[in-house]
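Please keep the sequence and the structure at hand while reading.

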Amino acid sequence: MKALLPLLFVLIFNSIIIVGADNDYEKWSFEELDHRMDTYFGQGNFKACIPITKAAINKARLELESHDPKFIEYVHVLAYLYMVCGEYSKSESEHFKALSMFDYAEPIDTSLYLSTQNNLSVLYINMGRYQDAEQICQKTMQERLKIFGKSSKYAMSLNNLSTIYKLLGMHQETESLLLEAIKIQKEIMGIHDPNLLLFMHNLAVLYDDMEAYDKAEALFEKIKNSKLPKKHPNYVIYMDNFASLYVDMKQLDKAKLLYLGNIKLKEKILGKNHPDYARSLHLLGDLYEKTNELERAVFYLSQAQKAREAILGKFNLDYATTTLDLAIIQHKNGNYKQSLRHINQCLTSLTRQNIEVNQSSTYKELENIPYSSSRHVLQLCRALNALHELYVVNYFNLPKAQCQKHQKQISLLAIKLLEQCRKEFISDNDKLRILDQSHEWMLRNLKLLNLNTDINLALKTIESHKSVLLLDAIKASQAYQLANLPDSLAERERGLYQRKKSIDAALLQAGNSQDSLRTELNDLTLAIIQFKQLIEREFPNYSTLKYSEEAITIEGIQQKLGPEQGVLEYVVGDSTCYVLFVGPTDSFVKKLPISAVELNERVQNLRRVLNDYDFAFEHKKQSNQIFVQHAYWCYQNLVAPILTEKKSLKQLFIVPDGVLCHLPFEVFLTKKVLDQNMEYQNLDYLFKTHQISYNYSIALWQTNLKKSSAGKSSNGKVLAMAARYNQTNALSANLRTPANIRLRSTLSNLPAAGEEVNLIAEQFEGFYGVDSLASEQKFKEIAAQYGIIHLAMHGLLNERFPTLSSIAFSENGDSLENNFLQAYEIAQMQLNADLVVLSACESGYGKFENGNGTASLARAFMYAGTPALVVSLWKVEDNATAKIMGYFYNELSHGKNKAEALRQAKISFLQQSNGITSHPAYWAPFIQIGNSEPIQIQRKSDDRFVIWCLAIGFLLLAVLIIFKKRKAII
């Protein structure tokens with residue numbers, strides 16, 4: 001367990017001075033008292049300061065006015081001393097006294113007032129009262145900036161707010177605040193300043209939590225080699241967290257040496273009644289648990305529990321954490337009764353209610369408690385996990401069905417609590433961390449369900465972890481409309497989030513080095529938090545609508561399915577793969593005995609021969625063997641268990657999971673291939689007998705269906721663009737960053753892309769931009785005006801930072817756009833297209849995120865409002881792509897649905913191919929995602945037909961005129 005250090009030490013000293021027998025402070029002058037206080041304070045001997053400060057307060061009470069600044073300052077100092085000595089209730093009382101004294105002060109010492117407020121926020125952080133701390137800290141920080149500018153005091157406020165965000169699990173926001181605080185403090189105070197070391201330490205702890213161990217270790221080494229004395233209270237706390245880093249890095253011997261040395265120093269410097277001494281006991285207990293020295297672990301954790309109860313009380317998060325760790329170790333020791341006792345103590349501590357878990361518990365009392373922070377919720381989920389383990393060993397000696405019922409209740413409760421926790425976060429990265437934890441509970445719950453009777457519960461469980469963030473964004477947009485919020489608020493929120501995502505992306509590209517952007521990001525984060533608080537306070541109906549769960553039922557899905565349609569939704573677990581099937585009249589879940597390891601190996605082998613054209617060409621025999629082996633295995637193990645029972649199905653809506661998101665099911669082979677010299681076009685592919693489309697979730701499938709049935713009529717016009725990449729000029733070189741120039745230099749031209757767009761242009765109404773007309777600026781300007789968007793250009797995948805993946809437009813020297821349209825920019829657009837076709841490389845491929853699906857360019861377009869896409873899963877071949885797209889649009893214009901149009905396009909391509917070009921690498925990368933319904937597409941009128949019609953019309957008119965003249969003569 002690591003902790004940030006929010007204490008406001010400004011200390012430089014050489015040794016600890018122990019207070020002597022001379023303590024007749026009442027007779028001293030203010031000057032003498034101040035001098036001795038400064039001496040002890042500067043030495044970090046805070047306990048020695050307390051009686052001197054009390055004497056100063058008594059003297060001030062007799063000799064000074066109650067609102068005298070000096071009197072207030074003494075009370076302020078005593079409040080601070082109580083805080084750093086761990087006497088929190090006394091500290092809070094003294095803080096309130098100091099603040100009340102300011103009510104009568106004239107004029108107010110603003111600096112002292114803000115320092116008192118700031119220290120109170122720090123106290124609340126230490127007490128676990130994060131909401132109270134956050135409100136005070138935000139206010140103090142803004143006042144300090146207004147009055148003192150970017151000063152050391154402002155930097156300290158940044159640090160304190162970062163401490164709150166870190167404790168609440170908001171890692172991205174924490175890092176940003178600390179980097180700005182470090183920059184300010186270093187510029188003002190220099191590299192040896194104690195507060196600078198404090199900020200660096202807090203950043204190191206954050207990096208440890210983020211598993212950025214190299215960054216964390218480098219910062220800790222700087223602190224270790226600093227001029228801070230080894231006996232300084234801060235130093236030993238810093239080294240405790242350095243030891244915790246070693247634990248996380250699995251360097252346990254180094255950690256043990258540091259822990260043991262620090263605990264002796266803490267006892268001497270801080271005493272046994274200090275919270276940080278209790279923390280050292282806890283850390284040692286955790287370490288011995290990891291080295292499997294369980295008796296020692298129990299000893300130290302028991303001591304830590306007693307100390308924390310005495311110092312902090314039973315309703316403190318640190319006490320709950322120690323108690324829970326004791327429960328986990330007692331479970332390891334087989335002491336289940338003791339483990340349950342500690343679990344109950346932990347639950348009582350976290351909930352402030354007397355919780356007593358037994359064999360008849362329903363856990364409902366844990367669901368709607370207003371927990372103090374997300375940290376409390378996360379600890380509660382750890383406690384639920386410990387409780388779950390007791391049911392695994394059947395400690396309560398219950399019948400199997402009843403035991404599993406408790407396990408299911410616990411799993412569902414954990415999922416719900418983690419969902420509530422996720423809603424408090426701002427950054428997607430923090431939300432994804434929570435989804436990762438929740439995903440494990442989802443798998444656990446799925447294992448426990450009776451898949452014959454709990455089909456709707458299985459559906460709900462699976463769907464709760466599919467495309468979550470995208471659905472959240474859609475629901476938020478809908479909630480604004482349903483709650484009748486003013487348009488100005490919707491625009492304000494959209495603007496705040498769009499600017500934040502833009503700055504996030506810019507910082508990623510700049511390696512976090514742009515200080516001006518960092519400051520703006522911190523301001524935006526604060527503005528977003530305050531905006532959320534305003535909306536939730538003023539418009540409670542909005543929050544209810546935003547976070548309401550849309551009921552997804554088997555019956556509701558079946559009503560939307562045709563007689564030959566079926567949904568296959570997959571979940572990949574460690575040892576089992578689940579597939580939920582929903583047909584028009586029945587539904588079921590199958591457990592497929594496939595391990596994640598085997599599945600990953602099969603998928604990787606299959607992808608290898610699909611996206612490596614050179615390997616397929618140069619090692620044909622080996623490529624053939626790998627393909628037919630794994631393509632048949634995938635069908636037999638993933639699809640056949642469903643289709644052998646459902647032979648009438650012709651159209652499949654597939655919701656993949658994990659590595660399955662990286663494969664086109666179309667290439668699965670329905671029959672085993674014995675002839676290694678087979679021709680690829682003659683193989684029995686799944687797509688030859690079935691239409692296949694993909695969705696990120698069933699809920700999103702339903703949402704996209706609603707878009708087509710909502711009465712919005714597409715204009716049927718096409719916006720198609722094909723980029724050119726051999727354009728270079730001095731102007732664009734001066735405007736672009738070196739990174740962008742290097743990236744563009746790697747892009748080869750796509751000759752067939754222009755032909756592809758021109759072929760579409762011959763048949764359909766719209767705008768067609770080729771070469772210089774295919775610019776990012778032009779696309780952004782007109783994209784919202786078209787029902788179909790087609791982009792024939794390079795897609796650039798950034799697997800490390802998916803939000804920076806991009807589509808490369810033509811370089812035209814634009815000063816505002818760099819002609820790399822990145823995923824975060826796409827997501828911020830508001831498109832009206834019924835279909836987006838990304839005839840680009842890897843536009844549907846990306847990193848898989850538990851609970852959220854594939855982070856790809858395709859998903860970014862769904863954020864922008866697009867209900868249907870055609871995208872690629874690997875790097876596409878230029879000429880093959882042009883042909884397939886020509887076939888696709890022809891089929892689409894004849895009323896075929898999108899999935900069937902793409903299927904027929906692939907069949908047509910195969911029929912016209914021979915040799916290596918019939919290999920699936922050429923035709924299989926394209927898949928259809930989302931709404932597969934037919935769409936309107938406007939064909940151009942045939943000019944020759946018009947000319948012939950006009951000619952015939954003129955001829956008939958002439959004949960009529962001649963006929964009339966003749967009749968008149970007769």
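In this predicted model, strand 12 (residues 835-838) and strand 15 run in the parallel sense and are paired over 2 bridges. One point at which the pairing can be located is valine 836, whose bridge partner in strand 15 is leucine 869. Strand 15 also pairs with strand 16, and here the two strands run antiparallel and are joined by 5 bridges. Within that pairing, alanine 868 stands opposite glycine 930 of strand 16.

How many residues of strand 15 are buried? The answer is 5 of the 5 residues in the run 868-872, so strand 15 is largely enclosed by the rest of the structure. The side chains are divided between two directions, with Ala868, Val870 and Ser872 pointing one way and Leu869 and Val871 pointing the other way, and all of them are buried.

A separate group of strands forms an open sheet, in which 3 strands follow the order 9-10-11 with antiparallel pairing. Strand 9 (795-796) and strand 11 (820-822) stand at the edges and have a single partner strand each, so one side of each is left without a neighbour in the sheet. Strand 9 meets strand 10 (residues 806-808) over 2 bridges, in the antiparallel sense.

Glycine 795 belongs to strand 9, and its bridge partner in strand 10 is isoleucine 807. Although strand 9 is an edge strand, glycine 795 is buried, with a relative accessible area of 9%. Once its neighbours within four places in sequence are left aside, glycine 795 is in contact with Ser806, Ala840, Cys841 and Leu857. The C-alpha atom of glycine 795 is also separated by 8.4 Å from that of leucine 838, a residue 43 places away along the chain.

Lysine 250 lies in the loop between helix 11 (233-248) and helix 12 (252-269), whereas asparagine 819 is placed in the loop between strand 10 and strand 11. Are these residues buried or exposed? Lysine 250 is exposed, with a relative accessible area of 68%, while asparagine 819 is buried, with a value of 0%.

Alanine 48, which is found in helix 2 (residues 46-63), is buried as well, with a relative accessible area of 4%. The C-alpha atoms of alanine 48 and leucine 99, 51 residues apart along the chain, are separated by 24 Å. The table gathers the accessibility values of the single residues discussed here.

| Residue | Relative accessible area | State |
|---|---|---|
| Lysine 250 | 68% | exposed |
| Asparagine 819 | 0% | buried |
| Glycine 795 | 9% | buried |
| Alanine 48 | 4% | buried |

Rolling a probe the size of a water molecule over the atoms shows where empty space is left. The structure holds 4 cavities of 30 Å³ or more, and the second largest cavity has a volume of about 190 Å³. Of the 20 residues that line this second largest cavity, Pro656, Cys661, Asn695, Tyr696 and Thr854 are the closest to its centre. Strand 14 (853-855) and strand 16 (926-930) each contribute at least two residues to its lining, and strand 16 is also the antiparallel partner of strand 15. By residue class, the lining of the second largest cavity consists of 10 nonpolar, 8 polar and 2 charged residues.

For the chain as a whole, the model contains 39 helices and 16 strands. The C-alpha atoms fill a box of roughly 140 × 70 × 55 Å along the principal axes. Of the 970 residues, 58% count as buried, and the chain exposes about 41,500 Å², of which carbon and sulfur atoms supply 51%. Among contacts between residues at least 6 apart in sequence, 72% join residues at least 24 apart.

Key
Residues are numbered from 1 along each chain as its sequence is written. This is a predicted model: local features need pLDDT of at least 70, side-chain atom pairs count only at pLDDT 80 or more; totals for chains, interfaces and linings use all residues. Side-chain values use heavy atoms; hydrogens and water are left out. Two strands pair if DSSP finds at least two bridges between them. Helices (H or I, at least four residues) and strands (E, at least two) are DSSP runs, numbered from the N terminus. On a 1 Å grid over the protein atoms alone, a cavity is a set of points where a 1.4 Å probe fits but cannot get out, and a pocket is an open set with protein on both sides within 12 Å along at least five of seven lines; lining residues have an atom within 4 Å of a point. Grid points are joined across faces, edges and corners, and a volume is the space filled by probe spheres set on the points. Ala, Val, Leu, Ile, Met, Phe, Trp, Tyr, Cys and Pro count as nonpolar, Asp, Glu, Lys and Arg as charged, and the others, Gly among them, as polar. Buried means under 20% relative accessible area, exposed over 50%, partly exposed in between (1.4 Å probe, protein chains only). Contact means heavy atoms within 4.5 Å. Accessible areas come from the Shrake-Rupley method with a 1.4 Å probe; for residues, only the protein chains shown count as cover.
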